[in-house]
Amino acid sequence: MENSELLLMVNALLVSLLGIGVSMLSFFLKDVYRDHKKLQDKVNTLQREASTHQRLYQEHIRLIQLQAKQDREQLEQLKFLSANKNRVNLQNKLKYWSGPPM
């Protein structure tokens, strides 16, 4: 065997190994890309869900604040009505105890 034949065989062997390496790398990169795409889809879904939850949470807080405001207003009205009722009751009692007008 001559040096040129040996060089050709080594060259052919190296090219074959390079082809196998490129095929394996391509297969591996396809898997990595597919996994990356799945994970990116999951991240996007989680971001949408988080955004929805944040919006719902903020709306819930707004509704609670509105309810608290309405409750305070209603309490003030009840206090006012109760005070008026007590005043009328006292006036009636005073009239009763004062006796008939002369």
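This is a predicted model: local features need pLDDT of at least 70, side-chain atom pairs count only at pLDDT 80 or more; totals for chains, interfaces and linings use all residues.
A salt bridge is a side-chain nitrogen of Lys or Arg within 4 Å of a carboxyl oxygen of Asp or Glu.

Let's begin with the overall form. The protein chain has 1 helix and 0 strands. Its C-alpha trace spans about 150 × 15 × 10 Å along the principal axes. The radius of gyration is 43 Å, whereas a compact globule of 102 residues would come near 13 Å. Of those 102 residues, 0% count as buried. The accessible surface is about 10,000 Å², and 65% of it belongs to carbon and sulfur atoms.

Now for the charges. The chain carries 15 positive and 10 negative side chains, with the centres of the two sets 25 Å apart. Side chains of opposite charge can pair when their charged atoms come close. The structure holds 3 salt bridges, listed here:

| Salt bridge | N to O distance |
|---|---|
| Aspartate 31 and arginine 34 | 2.3 Å |
| Glutamate 76 and lysine 79 | 3.9 Å |

How far apart along helix H1 are arginine 34 and aspartate 31? They are 3 residues apart, so about one helical turn separates them.

Isoleucine 20 sits in helix H1, residues 3–98, and is partly exposed at 48% relative accessible area.

Notes:
Residues are numbered from 1 along each chain as its sequence is written. Side-chain values use heavy atoms; hydrogens and water are left out. Helices (H or I, at least four residues) and strands (E, at least two) are DSSP runs, numbered from the N terminus. The radius of gyration is taken over C-alpha atoms; the globule rule is 2.2 Å times the number of residues to the power 0.38. Buried means under 20% relative accessible area, exposed over 50%, partly exposed in between (1.4 Å probe, protein chains only). Accessible areas come from the Shrake-Rupley method with a 1.4 Å probe; for residues, only the protein chains shown count as cover. Lys and Arg count as positive and Asp and Glu as negative; His and the chain ends are not counted. The place of a charge is taken as NZ of Lys, CZ of Arg, CG of Asp or CD of Glu.
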